[in-house]
Amino acid sequence: MARVNIYAIYSLWLREMIRFFRLKSRVFGSLAPPFFFLAFLGFGFKSAAMPAIPQEVDYISFLAPGIIGMTLLFSSTFGGLSMLWDREFGFLREIMVAPVSRLSIVIGRTAGGVTTAVMQGLIILIPGIVMGLKISGLPGFLLSLVFMVLIATTFNSLGLAFASRMKDMSGFSLIMNFMVFPLFLLSGALFPISNLPTWLRSLSYLDPLTYGVDGLRGALVGVSTFPLAFDFAILAVCCMGALGLGAYLFEISDVE
Amino acid sequence: MEGAAIATSGLTMRFDDFTAVEGVDLQIEKGELFGLLGPNGAGKSTIIKMLTTMLRPTAGGAVVWGHDIARERDAVRNSIGVVFQDPSVDSQLTGRENLDFHGRMYGMDKKTRQERVHEVLELVDLTEKANVLMEDYSGGMQRRLEIARGLMHHPLVLFLDEPTLGLDAQTRRYIWRYILKMNQEEGVTVVLTTHYMEEADHLCERVAIIDQGKIVALDTPENLKDLIGADIVTLEVDDGVTDEQVHAFSKFDGVEAVDRSGSTINLSVDHGESRIPEIVLGSCSAGVKIRSVSMHEPTLEDVFLKFTGKKIREAESSGAGMMAAFQSRMRTRRH
């Protein structure tokens with residue numbers, strides 16, 4: 001069963017792409033919250049001096065990578081959880097009855113979810129630049145893409161893991177509000193985590209997005225709390241772990 | 001290739017406290033149009049789910065086109081097409097995109113896919129709707145597209161689980177026509193489940209009648225109806241009629257069996273229409289007051305009644321509690 005079927009992976013990926021470009025209003029809607037965060041916090045705190053942000057970095061340059069991280073977190077978790085919709089509307093059975101291994105299904109879905117999340121992250125980058133985010137250069141931009149893919153894969157897989165354990169949609173808002181939102185707020189997307197009290201900061205260190213946002217900041221702006229290699233290593237480990245967990249829980253989940 | 005299309009032996013599915021399918025032995029021939037007929041909750045869908053590798057049997061087994069459903073799941077999946085009882089399309093994709101998705105999942109290359117999409121759309125008369133989003137399809141059109149999709153990859157066996165459930169009479173007839181057409185033109189072996197008597201009667205070459213997880217009868221619709229033999233004359237009589245008076249009916253010429261439930265008396269009568277006058281006169285002289293008389297030729301409903309002692313409607317209501325428990329566990333039906 002554990003064969004990898006490239007054609008099937010492509011088919012699943014392509015489906016996500018068609019849906020992404022077709023459901024423009026939904027994409028637009030899901031981009032509104034990060035855009036508002038970026039615009040209002042960016043303008044609102046523009047001239048406020050926030051402690052622990054290096055002198056040479058203005059708040060918008062600090063904030064924009066965090067908001068990209070937020071966009072990736074929300075859209076990729078949503079992408080992973082969207083398996084619930086496929087189950088609800090029966091399409092999952094169409095996928096499951098095909099002669100395709102579950103591993104291929106996981107890879108195809110994840111590839112699709114990650115691509116759409118990264119595209120949304122890149123879209124949010126544009127208003128960031130308009131508002132004054134200065135990107136350090138092409139290598140930094142390319143490096144940020146690596147971090148985007150890692151962040152999206154991690155949370156897409158976590159979403160899939162949750163969806164595999166859930167029987168219906170009732171847990172969806174619970175996860176969005178009690179997992180995704182805290183992960184976002186703890187990650188240091190909006191302010192340096194060194195401003196948090198120690199006990200809360202230790203929670204931040206457990207949040208994979210902390211290293212994702214720090215990595216994005218280091219890659220795009222050139223300022224980070226941790227060394228980039230450290231961010232990368234932690235995030236890569238989280239990503240592998242989440243991917244394994246998602247694939248495993250999906251593998252053992254009931255079709256019906 | 002020798003052998004049957006599908007052979008099951010002792011196929012059984014138990015859930016914690018409820019046996020959905022018990023010891024089913026079936027042999028379905030290649031090219032056959034085979035029906036599983038029974039009330040909701042009889043276990044038809046569970047049989048289909050096991051044969052399509054969506055559920056693993058708790059005991060017994062089955063072979064689909066030479067492949068074991070438990071050990072060679074991919075080979076089974078490659079040989080079959082399935083049209084599920086509930087919708088299973090992506091409503092945000094067009095008809096063509098749904099078919100294309102399906103073709104790719106089954107490893108069909110672009111050229112083969114394009115040709116086949118054209119063929120199957122033609123078969124179900126949906127060519128003009130190919131580029132319309134599924135959410136804009138009517139229920140019947142969606143069902144037709146699902147049938148087309150089930151055929152897309154040239155399956156050897158096509159499973160249709162309640163293909164006309166919830167469709168209006170006219171759409172149902174269309175679906176019947178497509179099912180017959182693909183069985184004849186594409187030569188695909190078809191296994192369908194239904195709880196509509198006339199559907200099984202009209203479509204199927206052979207029918208297995210299923211009640212409470214077991215096969216209670218299996219034959220061609222004609223042979224099954226011949227088991228009832230004669231016509232059924234139904235008398236509505238006054239409540240006060242005694243069993244002796246009812247018994248007197250069996251002495252009439254041509255009356256083969258008498259069956260009473262409350263104020264309704266069913267008589268199996270050869271050449272029913274010519275016997276009705278005698279029956280009415282006879283019952284008057286025996287003092288039985290008749291309120292109405294009707295007659296029909298035997299249907300599969302009568303066969304079901306004969307083998308299970310109840311009408312299919314009654315079987316559904318008595319099975320409803322069990323079915324509710326079953327559904328909450330299985331989460332199969334969605335509305």
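Keep in mind that the model is predicted.

**Stop 1: helix α10 of chain A**

Step back to α10(A) itself, residues 208-220. Its 13 residues should span 18 Å at 1.5 Å a residue, and the end C-alpha atoms are 18 Å apart, which agrees. Now colour by burial. In α10(A), 13 of the 13 residues are buried, so the helix is largely enclosed by the rest of the structure.

**Stop 2: helix α11 of chain A**

Select residues 228-252 of chain A. This is α11(A), with 25 residues. From first C-alpha to last, α11(A) reaches 36 Å, close to the 36 Å expected. Show side chains for its buried residues, among them F232(A), L235(A), L243(A) and F250(A). What covers them? The cover includes α3 (59-81), α6 (102-130), α7 (138-165) and α10 (208-220) of chain A.

An α-helix has 3.6 residues a turn, so residues three or four places apart point the same way.

**Stop 3: the nonpolar cores**

Select L73(A), A148(B) and F159(B). Of the 139 residues in the largest nonpolar core, these three touch the most other members. Helix α3(A) gives the most to this core, with 13 residues. A second, separate core has eleven residues, including I232(B), V233(B), L267(B) and V288(B).

Zoom in on F159(B). Leaving out residues up to four places away in sequence, F159(B) touches I48(B), L51(B), T52(B), I80(B), V82(B), V83(B) and V191(B).

**Stop 4: the six-stranded sheet of chain B**

Switch to cartoon view. Six strands of chain B form an open sheet in the order β6-β7-β8-β3-β9-β10, with mixed pairing. Which strands stand at the edges? They are β6 (80-83) and β10 (214-219) of chain B; each has a single partner strand, so one side of each is left without a neighbour in the sheet. Neighbouring strands are turned by 15° against each other on average, direction ignored.

Now pick β7 (residues 157-161) and β8 (residues 189-194) of chain B. Five bridges join them, and they run parallel. For one pair, select L158(B) and its bridge partner in β8(B), V190(B).

The helices α5(B) and α6(B) pack at an angle of about 10°, with their axes 10 Å apart. They are therefore roughly parallel to each other. At their meeting, α5(B) brings residues including R143(B) and I147(B), and α6(B) brings residues including I175(B) and Y178(B).

**Stop 5: the four-stranded sheet of chain B**

This open sheet has the order β2-β1-β4-β5 (chain B), and its pairing is antiparallel. At its edges stand β2 (18-28) and β5 (67-68) of chain B, each with a single partner strand, so one side of each is left without a neighbour in the sheet. Two bridges join β4 (residues 59-64) of chain B to β5(B). Select V63(B): its bridge partner in β5(B) is D68(B). Helix α1 (residues 44-51) of chain B packs on this sheet, touching β1 (6-15), β2 and β4 of chain B.

**Last stop: where the chains meet**

Show both chains. The contact takes 26 residues from chain B and 24 residues from chain A. On the chain B side, α2 (73-79) and α3 (95-105) give two or more residues.

How values were computed
Residues are numbered from 1 along each chain as its sequence is written. Chains are lettered from A and ligands numbered from 1 in the order in which they are written. This is a predicted model: local features need pLDDT of at least 70, side-chain atom pairs count only at pLDDT 80 or more; totals for chains, interfaces and linings use all residues. The expected span of a helix is 1.5 Å times one less than its number of residues. A residue is buried if 20 or more other C-beta atoms lie within 10 Å of its own, exposed if 12 or fewer, and partly exposed in between; C-beta atoms are placed from the backbone. Two residues are in contact if their C-beta atoms, placed from the backbone, lie within 7 Å. A nonpolar core is a set of buried Ala, Val, Leu, Ile, Met, Phe, Trp, Tyr and Cys residues joined through C-beta atoms within 7 Å. Two strands pair if DSSP finds at least two bridges between them. Axes are lines fitted to C-alpha atoms, for helices over the stretch in contact, and angles run from 0 to 180 degrees between N-to-C directions. Angles under 35 degrees count as roughly parallel, over 145 as roughly antiparallel, 65 to 115 as roughly perpendicular and the rest as oblique.
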